[in-house]
Amino acid sequence: EAGFGDFFALLKPRVMTLVVFTALVGMLAAPVALHPVVALAAILCIAVGGGASGALNMWWEADIDAKMRRTARRPIPAGKVTRDEAFGFGITLAAFSVVMMWLATNALAAGILAFTIFFYVVIYTIGLKRRTPQNIVIGGAAGAFPPMIGWAAATGTVSVESVLMFALILLWTPPHFWALALFMRGDYDNAGVPMLTVTHGRRATRAHILAYTAILAVMAVGAAFTQIGGPVYLAVALVFNALFLRDAVAIWRRDEGAAEADNYRVEKRAFRLSLWYLFAHFTAILAEAALRGLGIGGWA
C-alpha cells in the first residue's frame, strides 16, 4: 500500500526545490513587495503546482520510467502507486494550486501557473517528448516559468526582467541535459525517447551544446545591465559563463574514442558545473535585489 513517502516522491522534490527557489527570486526581485503571508501562500501554490506537474508526468511516463535505470525506482514502476492514483493526485493538486494562487494573489499569476502545468503535462510530456529531439528545449520552457509566476504574483504584470529570468532557465536547460545525455545515452535508447544523442548522434549533440551555451553566455552577461543586474551579478555571470563556455568548447572538440576511454570526464564536469550555474545566477539576482533595497544596488 502506498505511503506518504511514495506520494511525496511523485512530486519530484528535487525539481520542486529549483522551481521554488527561482520563483522566490522572481518574487523578491520584483519592485513591489508582497505581504509575507501572501508571499508564503504564493510560493506554496507554486510548489504544489510544480509537484502536480511532476505527478502527472510520472503518470504518463510510467512505461518508459520502467525501462530507464535513472527512473526505474520511481513509485509507479516500483509498484508502490498505481497510475490512476498518480493521475488523481496530480489533477487534484493542480486545480488546488491554481485556484489558491488566484485567491491569494491575482489572475495573471494563477493563469501563468495553470499554463505552466498544461504546457509541461500536455504539450511537452504527452504531445512532444516522444516525437522530437528538441524535447529538452521545449521542456525547458515549462521549467522556466516559475520566476515569471513569482514576478506576476508581486506585480500583476509580465516585464522584461521576468522574461530575462525565463530566458536564463530556458537557454540553460538544453546544455545541462544534453551533457547528461552524452554519458547516459543507453537509458534513452532503451526507453525509445528521441533524445538528440539518439536521433542525431553525439557529434551533433556536442555542437548543439556549444551553440546553446554561447547564446546563453551572451544573454546571461547582458542581463547584468538590466534592472535585475548589477556589479555582483556581472561578476558571477562572467565567471560561470567563462567556465561553462570552456567546458562546452572542450565537449565540442572531443574525439569519441577519447571520450569513451576517459569515461566522459569533460561531460560530467560540465554537467556538475551546470548544477551550480543556475543557482549562482539566481542567488546573484537575489543579492542585487537585497542591495537595491538598501539603496546601494544596481549601477546607481
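Predicted model: local features only at pLDDT ≥ 70, side-chain atom pairs only at ≥ 80, totals over all residues.
**Close-up 1. The aromatic pair of tryptophan 59 and phenylalanine 87.** Aromatic pairs number 14 in the model. Tryptophan 59 and phenylalanine 87 form a tilted pair, with 4.7 Å from centre to centre and 50° between the planes. Because tryptophan 59 lies in helix α3 (residues 36-60) and phenylalanine 87 in helix α5, the pair ties together parts that are 28 residues apart in sequence. Tryptophan 59 is buried, at 17% relative accessibility, while phenylalanine 87 is partly exposed, with a relative accessible area of 35%.

**Close-up 2. The surroundings of lysine 12.** Lysine 12 is placed in the loop between α1 (4-10) and α2 (13-29). Although buried, lysine 12 has no salt bridge, and the nearest side chain of opposite charge, that of glutamate 61, is 5.4 Å away. Leaving aside residues up to four places away in sequence, lysine 12 touches Gly54, Asn57, Met58, Arg74 and Tyr120.

**Close-up 3. Helix α7 and its cover.** Helix α7 (residues 135-144) is largely enclosed by the rest of the structure, because eight of its ten residues are buried. Among these buried residues are Asn135, Ile136 and Val137, and what covers the buried residues of α7 includes α6 (107-128), α8 (146-155), α9 (160-183) and α12 (201-222).

**Close-up 4. A nonpolar patch on the surface.** Phe96, Val99, Met100 and Leu103 form this patch, with about 400 Å² of accessible area together. Valine 99 is placed in helix α5 (residues 83-104) and counts as partly exposed, at 46% relative accessibility.

Key: Residues numbered from 1 in each chain as written. Heavy atoms only, no water. Helix = DSSP H or I, 4+ residues; strand = E, 2+ residues; numbered from the N terminus. Buried < 20%, exposed > 50% of the residue type's maximum accessible area, 1.4 Å probe, protein only. Lys, Arg positive; Asp, Glu negative; His and termini not counted. Salt bridge = Lys/Arg side-chain N within 4 Å of Asp/Glu carboxyl O. Contact = heavy atoms within 4.5 Å. Patch = residues over 30% accessible without salt bridge, like charges linked within 9 Å, V, L, I, M, F, W, Y side chains within 5 Å. Areas by Shrake-Rupley, 256 points an atom, 1.4 Å probe, with all protein chains shown as cover. Phe/Tyr/Trp six-rings, centres within 6.5 Å; stacked < 30°, edge-to-face > 60°.
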